[in-house]
Each structure stands twice: as C-alpha cells, then as structure tokens.
Amino acid sequence: MSLTSAMLTAQSSIAARSAEMAIASRNVANANNPNYTRVEASVQNIVTDTGSVVYVSHASRMVNQAAFKATLKSGSAAIASGSYAKMLDQLNPSGQVPFGTSTASGIGSLNESLIAYANDPSNQVMGQSVINAANTLVDDLKQSAQTLIDARMEADAAMGRAVDNINKILSDLEGVNGKIVSGSAAGNDVNGLMDQRDEMLKVLSEEIGIEVLEQDNNGVAIYTDSGVTLFEKSAREVSFDASLSLGAGDAGKNVLVDGIAVAGPGASAPVTGGAIAGYARGRDEALVTMQMQLEETAKALVEVFQETEAGTTNTADGLFTFDLGSGDLVSRLKVHDAVDPAKGGDIKLLRDGGINGAAYKHNTTDSVGYSELLRGYETALNSDRTFDPAAAVNTNSTLADFAANTVSWFSAERKMAAENSTLDASAFSSNAQMLSNDTGVNIDTEMQRLLTIETAYSASARLMTAVDKMFQELLGAVR
Amino acid sequence: MVYSVSTLTSTLRLTNYLIDNRARLDNAVIENASKKHADMGLTLGAQTGTTTSFRSEFSQYESQLDTNKQLITRLDVMNTALDNVHTSSSDFRSDLVALQSNSDSLKTASNLAYTELSKLTNALNTNVSGVYVFGGINTGTAPVTNFADGPEAAIETVFGTYFGHGIDDAATGSIPVSGDPNGKDWETFLQSAVFKDIFGANWTTHWSSATDEKMTSTIESGVTTDGSGSANEEAFGQLAEGLSIVAVFGKLDLSVEAEKFITNQAVNSLNTGVDGTISIEAQNGAIKTNVERTNASILAKQNVLNIRINDLENIDENRAAIELSLAQTQLEATYAITAKIQGLNIMKYL
C-alpha cells in the first residue's frame, strides 16, 4: 500500500462515477419512453496487492421477461376484443337507436298501414300508405345490408393492412435480431437494439397474437399464439388476399402464415389475439350472422305477401318480390312494380289480387269494400314462421318478433364485446404498468442516485487533493 | 420489497383517470339531459329487442285507435240512419192505423208513403267520406235505387201480368178482396210469390246493389267485427213492401173493404219491418259498444306498455343526478391531484 495506490484508487473512483453518471443520465433521458428498459451500472472492484480499483464493467438491462410476455399477451387480447367491439360500435353510431331497430319498426308500420287499409279498403290513400311503408322497409333493409357489407369490407381491408405491417415488422426484426445475436456473441452492448426489438414485438403482438421463445445469444423465435412459426432465424411469409365483395353468402379469405390458415373461415390454426383475430371474428362471424338475419327478413316478407291463384294452390310473389339474378336477396328485394303507382302500377291489385295477372284476382265483383286478401296478409304477417337457425335467434316466431330478436342479438353481442374489451384493456393496462414499474425509470430514484454519485465524486476528488498535499509535505521534507 | 412506480406509469395513470372520469361525466350529462340511458344497446343488451317490440306494439295500438275511431264514426252514422228509418216508419204506421176509419184516407196516405220511401232510400244511401255504409262490401256506390227509378214500375208490371190489365184500368176497382176462384183477388195477389219476391228474393234486382257480405274491420289484433251494414237486410224489404203497397195501390179508386185490407197488409209488413230494423239497430249499437270497450282496453294496454318501456329505457332521475355530481366531484379531484403531482417534483428541492 502506498500513496500512489491511494491516488490510483481515487482516480478509478472518479472514472467509475463518470460512467455511472452517463448511465443515470441515459435513464433520465428515457424516462417517458414506454419501450425503454432501465439500465443499471454494474460496478466491479479489483483488489491487488498494490491496492484496489473500482470500475463499471457494463450496464445491465433490468428486464422482466415474464412481465414482458404477459404484457404482449394481454396487449394482443385487448386489441382483438377492442377491434371487435369497435366494429360493432360503428354499426351503432347513435346510442339511442340500436342497429336493426328501424327494420323492426318498419315491419310494425307496414302492419299498421295494412290494418288501416283493410278497415277502409275503398280509400286509395290508405293503400298508398301501405305501398309507402313497404318501400320504406325495402330501402331500410337495403341500407342496413349495405352498412354490413361496408363493415365487412372495412374489416377485410384492416386485415390486409395488418398483414402488410406484420411482413414489414418481421423483415425488420430479422435484421435487428441478427445484430443482437452477433453483438451478444462478440460481447458488445446490445441494450439499445434489444429495446428496439421489444418495441417491434409489441407492435407485432398488436397485429397478431404471438408467443416469443428465447434462444442463444439473446436471439428470439416467434410463433403465432396458435403455434405457427412466424420467425425463426428468418421471417416466414404472411399472405392475405383482400375480397372484392362481401355480400351475404360471400366468405372472406384466409390469412396464411407459412401456408397455414391462421384466421378466416375454417382456419386450421386460428389465432386468438391481435387485430387480425378481432377483425376476422367480426368479418366471418357476427356480421355474417347479421347478414343472414336480413336475408331471412327479406325472404319472409316475400313469402308473407304471396298471392294464390284463384281456385288453385299456385302461388306467386305479391307486394314484395325479388329482381331476377343471383347474389344476396336483400339487394334484389323490391316492391312489385304492378302495385307501385310510382312505377305505373295499380294499388288496387293489392286489395283485389291480380298482381300476377287476372287468374290471381279474388275480388271478381270489384267490390270496393273487399278486404279479405288484405286481412289474409295481415294474418300471415302475424303468424309464426320458421327461420334459418343460422340467423342465431328463435327459429319459430312472427316476422316482427324475429326482427326484434335480431335487435336483441346485436345488442347482446355488442354488450358482451364491450365488456370483454373493457376487461381486456384493463388487464393490459395493469400488466403494462407492472412492467413499466419493474423495468421503467423513476426520476426520483435517478435524481437521488445522481446525488449519491455527486457526493462520491467530490469525496474522491477531495481524497486526491489530500494525497496531493501529503505528497507536497513529503517532498518539502525531503528538500 | 419496496413498491416502486415508474415516472411513466404515474403520468399515464393520471391521464387514464382523466379520460375515464371525463367519459363518465359525459355519460352522466347525456343521461340527465335525455332522461334515457346514454347507450341503450349497451345498457339493455339482450333486452333491447323487448323495448323495440314494445315500441312497435305501442304504435300499433296507436294506429288501431285511429282506425277504430273511424269505424265508430261509421257505426254512429249507421245508427242515426237506422234510427231515422225506424222512427219515421213507425210514425207512418201509427198514422195509417189512425186514418183507417176515415174514408178517402188511403189517398192521403199514398202521398205520404212516397215521401217515406224516399226517406228510406235516402237513409240506406248514407255515406261517410265516400263509403256507403249500407253497401255491404260494395261501398263505392249508393246501394238503393230510388222508388221511381225501377221498383215502382216493377210492381205495376207484376200487377199487370197478374190481373191482365193495367193498374189504372177501371177493372182495378172491382178486384175483390178475396175468394176469387182463380185467385184474381187482392189477398192472393199480395201474398203471391211474384209480388213478394220484389221485396225478397229479387230485392237485389229491383232495389239494391249492396252485397249480403259486410265489410270486416279489425278492431284489435286478431279481433274482427262487421264494419258496414247491408241494405239487403230482410227488415228493409218488409218496410219497403208496406210503404209500396200504400204508395202504389192507395192512390187507386178501390172499395172500402179493399182499402181496409190493403191498409192491414201494409201495417203488418211495417210492423215486422220496424221490429227488424230495431233489432238491426240494437246489433249495430252492440258492435259500437264492443269497439268502444276494445278502445278502452287498448288504452289500458298502451298504459301498461308505456310503463314497461319507461322501466326499460328511462333512467332513475335521482340516481342520474347523483351520478352527475359524483362524476363532477371525481373529475375535479383528479384535476387537483394532477396539479399537485405535477408540483411534487424532486427538482424543486435540489
């Protein structure tokens, strides 16, 4: 031990404090960066027979892998349920009038005007109000159907955007991961790169649910939450073809990862998290069911108002009919031209029969008080009918009840989606807070650390002054 | 272990509280202003369809009440018409009975009978805004033909065919009251099918274009009732018969016995006719009462529906007011905390 070694120790302490200072200031600078992981100086002490030296060997990253993965998982779940809930919310822009209400009340108005016409069949104005109610109902159904198609197309486009984003992230990630692996193998500081990769993983998990597996030299492999490889050494291809039309009966296309379907109808390994899962659920389940409900409504309307040929059991479309052609029924639904005065038709055909020609006329005496057919339609409108189970509501009910049930179905689905989304969002935010508390920066702590470093620095400097003085004393004595 | 909070978390948490409380306040404001749930679908969930169908049921009742009001108007008009028919017919019958003892009285009565006949046709041709209420289902045209425009000629033709001479022929005066071996007497003629059929089987040929079938009106979902009358009721035929006998034959120069007999025949027909009219009127009144009772029950049902809709859709105003003030307090507290925490900064103390 000597004065020289004391001087050396004080010197090394000053150097180490500067390094610590640099690390602390890096932490402070990133206090508000959500993707930053706090680093702490790792201070080493070497003791030799000539003295001891302190130095900062490296900055260690305060990671919490479990909390990070939990955040990724709950984040992708929150995005999935959130995007699904938002899709349903968009169908219901006004909180007071749930989707489908207008159809249900349109059927009610049709029934009302039908009764009024049947009670006063000589009054053409009453007949016109039946036609008006029918036209309004048709317009409303078409509008609802278009809203659903738009929503499905939007979901489809969102899936496309998500796939583009995934491919971009995966290719970027390939580069970053490579640098981390080679840097780690060479013993370089890869903390910044790892922060960058964590951020990429977060964004990736927002698009698609993922599982992250650590590999040697800080490398990672990434799988979808259903187990399909997205990235292992190299990025796998994620592909998706946007649909051109998504009317009732049109199925959306699948999202393929490495050739395996992970989202879309009949996917073999369906993902549960991320925007893709949420949009696929809307596009392929809820909205498909709702389109089915509208189709069933249109079908029932046509059936209710069918005419019977006098004296036979032959039937033909009456007040409502479908345009010829293929595709969904709602888009082809219309009020029969023969009864619509706006199209040159005659309202009286509805009362007397004969929309499909004289053979279908029942009021052969042309009595203006004849209301048997009108009352027949009203009875048919209020009779129980059978609906397709795919419409997901009671299969046996009147058309009006069916329409009301579809309103219930939608609101129940939306309520559930909103509740799930709130739960998932709060699970995510508490996970994210936990992660941030564990690996993020607390300015108070950092400032306090700065104070300690400062004190230690001035103590070391003071030590050097003292040693210097002692040297001077010694040298003065020798002179 | 020391619980540590990162600076980022504490900032974000405050932001989240602010957003949350702001949204809660917004909701409370909407609910207080509209007195209904801010988001019906989210609050009611699977029950949303119930209020939808309650609402359309409610408006169904509303429009049913409107058409029922029209029906009641129609029934009222029918009632007035029937009332006129039966009072004036029975007054005429009383006049006939009183005049019986007076000679030449039948000629006076004959003139009156023509007036009564036009009163009868007029009453049966009543219409309410274009709907001829006694037309059966043929409500577009006046159902009963004026006496002078067909029925009178038909009676004279039948008379001519039966007796072999015109009604104004001198031979008419010598037709016996009864007992003619060939049946060429008043009694047999007035009871004969050819004469009776004018007011019975051939009523629709000579008098009426109405149908027997009446309009059916729906007064409540699934409940129907007659919504019009028919001029083809038997009672109207009997009234017409009584009045026609006096009108056509009363003006002729007949023996006193024949006049007496004809008067008796007419009174008989009028008696059954008036009775029949009264019973039609009673039936009509019963229908009207029924519709009114239905209306009352519809109103009661509407009230129940209204209460149920309010139950489902409306918020509790007291609760909403409290929620609003709570949300306000909460938001103010959050603002205060935000400001405080912003001030709590180690830098100020270094």
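How many helices and strands make up the secondary structure of chain B? Select chain B and colour by secondary structure: there are 11 helices and four strands, where helices (H or I, at least four residues) and strands (E, at least two) are DSSP runs numbered from the N terminus.

Before going on, note that this is a predicted model, in which local features need pLDDT of at least 70, side-chain atom pairs count only at pLDDT 80 or more, and totals for chains, interfaces and linings use all residues. Residues are numbered from 1 along each chain as its sequence is written, while chains are lettered from A and ligands numbered from 1 in the order in which they are written.

**Chain B as a whole**

Keep chain B selected and show its C-alpha trace, which spans about 145 × 30 × 30 Å along its principal axes. The radius of gyration of chain B is 40 Å, whereas a compact globule of 350 residues would have one near 20 Å (taken over C-alpha atoms; the globule rule is 2.2 Å times the number of residues to the power 0.38). Of its 350 residues, 34% count as buried, meaning that 20 or more other C-beta atoms, placed from the backbone, lie within 10 Å of the residue's own.

**The cores**

Next select A:Leu114, A:Ala134, A:Met159, A:Val255, A:Ile276 and A:Val339. These have the most contacts inside the largest nonpolar core, which has 108 residues; such a core is a set of buried Ala, Val, Leu, Ile, Met, Phe, Trp, Tyr and Cys residues joined through C-beta atoms within 7 Å. Helix 4 of chain A (residues 124-186) gives the largest share of this core, 20 residues. Another core, of 52 residues, lies apart from it and includes B:Ala231 and B:Ile262.

Centre on A:Leu114. Beyond its neighbours within four places in sequence, A:Leu114 is in contact with A:Val130, A:Leu374, A:Tyr377, A:Glu378 and A:Leu381 (contact: C-beta atoms, placed from the backbone, within 7 Å).

**Where the chains meet**

Show both chains. Here 48 residues of chain A are in contact with 49 residues of chain B. On the chain A side, helix 10 provides the largest share, 15 residues. By class, this side has 17 nonpolar, 23 polar and eight charged residues (Ala, Val, Leu, Ile, Met, Phe, Trp, Tyr, Cys and Pro count as nonpolar, Asp, Glu, Lys and Arg as charged, and the others, Gly among them, as polar).

**A hairpin in chain A**

Last, select residues 210-214 and 220-224 of chain A, which are strands 3 and 4; they run antiparallel and are joined by five bridges (strands pair if DSSP finds at least two bridges between them). A:Val212 stands opposite A:Ile222. Five residues lie between the strands of this hairpin, and A:Asn217 takes a positive phi near 55 degrees.

Terms used:
A residue is buried if 20 or more other C-beta atoms lie within 10 Å of its own, exposed if 12 or fewer, and partly exposed in between; C-beta atoms are placed from the backbone. Two residues are in contact if their C-beta atoms, placed from the backbone, lie within 7 Å.
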